[in-house]
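Have the sequence and the 3D view side by side as you read.

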Amino acid sequence: MREHTIGPLLRELRQLAGRSQQEQADELNVITGRSTDRHQVSDWERGVIPGPYWQQHMAASFGVPVELLRKACTAARQERRLMKLSLSGDVTEDPVKRRSVLGAIAVAAGAASEPWGRLAFALGGGSVDATTVRQLTAATASLYTDEEHTPARVLAARITAHLDAVTALIPHAGRHRADLVVTAGETAALAGWAAWDRGDTDVAGHYYRTVRDAAHEVGHPAVEALALAYASYGAAPAKASAMLVAAQEKVTGPGYATAYAWTAAREAEERAKLGAEAEAVRALDRARTAYQYARPEAEQAWVAFCRPSRLDSMAVSTYTKLGHREAVAQAHASLRHLDSGNPKINVAVLTDAAMAFLGTSDDERGFDAARRALETTDVCGYAGVTMVNARLRDVAGALPDSAAARSLREDIRAALA
């Protein structure tokens, strides 16, 4: 997918759904009760911008938030405006003002990763100002928000394009260099996470090492904590625990309560894998204490996912691994906090709850949570995502030996095949 404009995005989503253009038209006809055909689908994929009505129903047909399509339509309009201005020269007779407008639109459109976008930015003077940094930082935050409900294979090209854009501007950043390096580091961390989610562990490792280099260069330890936390998912429990302790040391102080809570709760999960109950419970207590002061929506973009349901889910995961009596109570709490706008987090919450219920032989609730996790995975296209696959395999392995369990186990295996 070549950037996040609407045509390439719709083509990518259709292909991920395994549909032909005619099949996509048929799907829309069923949802809307209206008549469209493959030619209209082809027009949209070639860049014709659908109106709000079709955006809403296409999002439903692919199981993605409509906001994802709205952003892609906006990017397409910005791209067209940039191309028109670059070719027409009608924007203004003032060459200085015209260069400034071209450069600003190139950044706003996320087009600096394209050759013509880089040229437009260069014509804009080639320097980076505070507005440009704010735009790029906001774009990074948007990617983190989208990661919560967009499969990594769909989002990966957008992340890479944005990282290319930010990286290309660092040599021109001047006094804004440190801010831009931080933005690049946060984007690279997300690129590493997306690579790991696709199973590209080597690529993920390269990204995380680069993020740590960026953090050291500008003296920004929180970005290094982000890389350590992400990398911990692919490490052995003892090493992961040490990484997460180091991460917590880098996010102390005001403004980092959510980051500290996340890394402490992650440490609890890893300590539980080792059977170290006292250390796991202490880490979980630290996470809960920190979360009392957390404002995930107002702190770093990369901790916005850490809402109450996710923290509860990590507690469930910890207690379940320990065989702790609190596992079931925490499972009920996490299910009460499910967020319909964040299906990927919901899969984590549901699988953790399923493991807790199955661990106490509450098969009915365990089956229900597992089935809901599987349905969410299927509808939202998360099969093949490393984290989702691992969790569903754990659930399949925990199912008892009964006819109902065998049927559910086969459904899980078929979805992940």
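The second largest cavity holds about 50 Å³ of space. A cavity here is a set of points on a 1 Å grid over the protein atoms alone where a 1.4 Å probe fits but cannot get out, and lining residues have an atom within 4 Å of a point. Its lining is made of Leu-10, Arg-14, Gln-24, Val-41, Trp-44, Glu-45, Met-58 and Phe-62. Helices H1 (6–16), H3 (38–45) and H4 (52–62) each supply at least two of the lining residues, and H3 gives the most, with 3. Helices are DSSP runs (H or I, at least four residues) numbered from the N terminus.

This is a predicted model, in which local features need pLDDT of at least 70 and side-chain atom pairs count only at pLDDT 80 or more, while totals for chains, interfaces and linings use all residues. Residues are numbered from 1 along each chain as its sequence is written, and side-chain values use heavy atoms, with hydrogens and water left out.

The largest cavity contains about 210 Å³. Its lining has 16 residues, and Glu-147, Trp-193, Tyr-230, Phe-305 and Ile-345 lie nearest its centre. H18 (343–359) and H8 (130–147) each bring at least two residues to this lining, with H18 giving the most, 3 residues.

Now to the charged pairs. The model has 20 salt bridges, each a side-chain nitrogen of Lys or Arg within 4 Å of a carboxyl oxygen of Asp or Glu. Three of them are set out here.

| Salt bridge | Closest N and O atoms |
|---|---|
| Arg-266 with Glu-270 | 2.8 Å |
| Glu-267 with Arg-286 | 2.6 Å |

Arg-266 and Glu-270 sit 4 residues apart in helix H14 (residues 257–273), so about one helical turn separates them. Arg-266 is buried at 2% relative accessibility, and Glu-270 is buried at 1%; buried means under 20% relative accessible area, exposed over 50%, and partly exposed in between (1.4 Å probe, protein chains only). Arg-266 and Glu-270 also join Glu-269 and Lys-273 in a network of salt bridges.

Glu-267 forms its salt bridge with Arg-286. Glu-267 belongs to H14 and Arg-286 to H15 (residues 277–291), so the pair ties together parts 19 residues apart in sequence. Glu-267 is buried at 4%, whereas Arg-286 is partly exposed at 31%.

Notes
1 Å grid on protein atoms, 1.4 Å probe; cavity = no way out; pocket = protein on both sides within 12 Å on 5 of 7 lines; lining within 4 Å. Points joined across faces, edges and corners; volume = space filled by probe spheres on them.
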